[in-house]
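Visitor: Please take me through this model and tell me, for each label you use, on what grounds it is given.

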Amino acid sequence: MLKIGVLGAGHLGKIHLRLLNQSSKYELVGFYDPCKENAAKVAEEFGYKPFDSIQELIDSVDVVDIVTPTLSHYDCAVQAIQSKKHIFLEKPISNTVEEAEHIIALANQYEVKGQVGHVERFNPAFKAVKDKIHNPMFIETHRLAEFNPRGTDVPVVLDLMIHDIDAILSVVKSPIKNIHATGTAVISDSPDIANARIEFENGCVANITSSRISMKNMRKARFFQKDAYISVDYLDKICEVVKMKDAPEIPGDFDLILQNAEGLKKQIYFDNPKVETNNAILEELETFADAIQNNTTPVVTLEDGTAALRVAHEIIKCFDK
């Protein structure tokens, strides 16, 4: 069983602590939080062991779970890696692409593994259909959230949109050709609403919309490919797969048949996979334990996290044009 410690005991850090404490693949050693008052409160309420310094915690574990504000990801990761500890980093991997690339270089140098917390990869609805997404040519996503002051220190692209960027990059295996984007600040000093159009060299186009000042929450994606339409509702954890095949010569009474202008007939049918219930955060943490124990590649690598961050920053650059 791997010994693990958590850096950061804020909202998400407390969720990680609770799940790691339940996990059969980790031994939760404790946590570090720079706010002594919060650390004392968490320790008293939940019984987790608080550490007096980052290094003291790092020295006591095999894996460091970094759930601190993005601005501190780099320093925490470097300190852990140089102590030859594996790292789990909440998204985004770091504040800048240069920092992320240095984290990768250090992890390779010290021969430790790293995973980035792009949790939607473990969303049961996305997992159910990912193997059915083949060469999509148009993708549309909407990630809308009600206003929450937590997270407004960064643009909505790094706060919300980066989830969809990572998911899209995981299914579109093509270099990016062009990015066009607009963003508007409404409540925060940085954009609260953003739309990006990503054009890939293989012809695929992704239209991504994110907002953190919506009246209701929404996290949906639609993938269009030859002879298939796939939808994913990350929030309600449901998915739908609509496929087309050549229509039979004699359709059944309940067959849904479409005919184009050339007279070609296609039959519409549903191929909805079963969605297996899971706890996505616990699963991402435990698959990382498996990668360490079995010396395999993590599901969301440091390189994946860096690729998503690179695209996010390219989108943000478009706001100033």
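Visitor: What covers the buried residues of α4?

Guide: This is a predicted model, in which local features need pLDDT of at least 70 and side-chain atom pairs count only at pLDDT 80 or more, while totals for chains, interfaces and linings use all residues. Residues are numbered from 1 along each chain as its sequence is written, and side-chain values use heavy atoms, with hydrogens and water left out. The cover of the buried residues of α4 includes β1, α3 (54–58), β3, β4 and α5, and the buried residues in α4 are His73, Cys76, Ala77, Val78, Ala80 and Ile81. Buried means under 20% relative accessible area, exposed over 50%, and partly exposed in between (1.4 Å probe, protein chains only).

Visitor: What makes β3 a strand with both faces covered?

Guide: In β3, Val63 and Asp65 on one side and Val64 and Ile66 on the other are all buried. Helices (H or I, at least four residues) and strands (E, at least two) are DSSP runs, numbered from the N terminus.

Visitor: Which strands does β3 join, and on what grounds are they called partners?

Guide: Two strands pair if DSSP finds at least two bridges between them; β3 has 4 bridges with β1 and 4 with β4, so both count as pairs, and both run parallel. Val63 can be followed in either direction, as the bridge partner of Ile4 and as the residue opposite His86 in β4.

Visitor: Why do β2 and β5 stand at the edges?

Guide: The open sheet has 5 strands in the order β2-β1-β3-β4-β5, with parallel pairing. Because β2 (26–32) and β5 (114–117) each have a single partner strand, one side of each is left without a neighbour in the sheet. Neighbouring strands of this sheet are turned by 20° against each other on average, direction ignored.

Visitor: Why is Lys237 called partly exposed, and why is Asn295 called exposed?

Guide: Lys237 has 37% relative accessibility and therefore counts as partly exposed, whereas Asn295, at 60%, counts as exposed. Lys237 lies in the loop between β11 (228–233) and β12 (238–246), and Asn295 in the loop between α8 (280–294) and α9.

Visitor: What is the phi of Lys237 and of Asn295, and which residues does a cis peptide bond join?

Guide: Most residues other than glycine have a negative phi, and most peptide bonds are trans. Lys237, not a glycine, has a positive phi near 60°, and Asn295, likewise not a glycine, has one of about 55°. The cis peptide bond joins Lys91 and Pro92, with omega about -15°, and Pro92 lies in the loop between β4 and α5.

Technical notes: Axes fitted to C-alpha atoms, helices over the stretch in contact; angles between N-to-C directions. Contact = heavy atoms within 4.5 Å.
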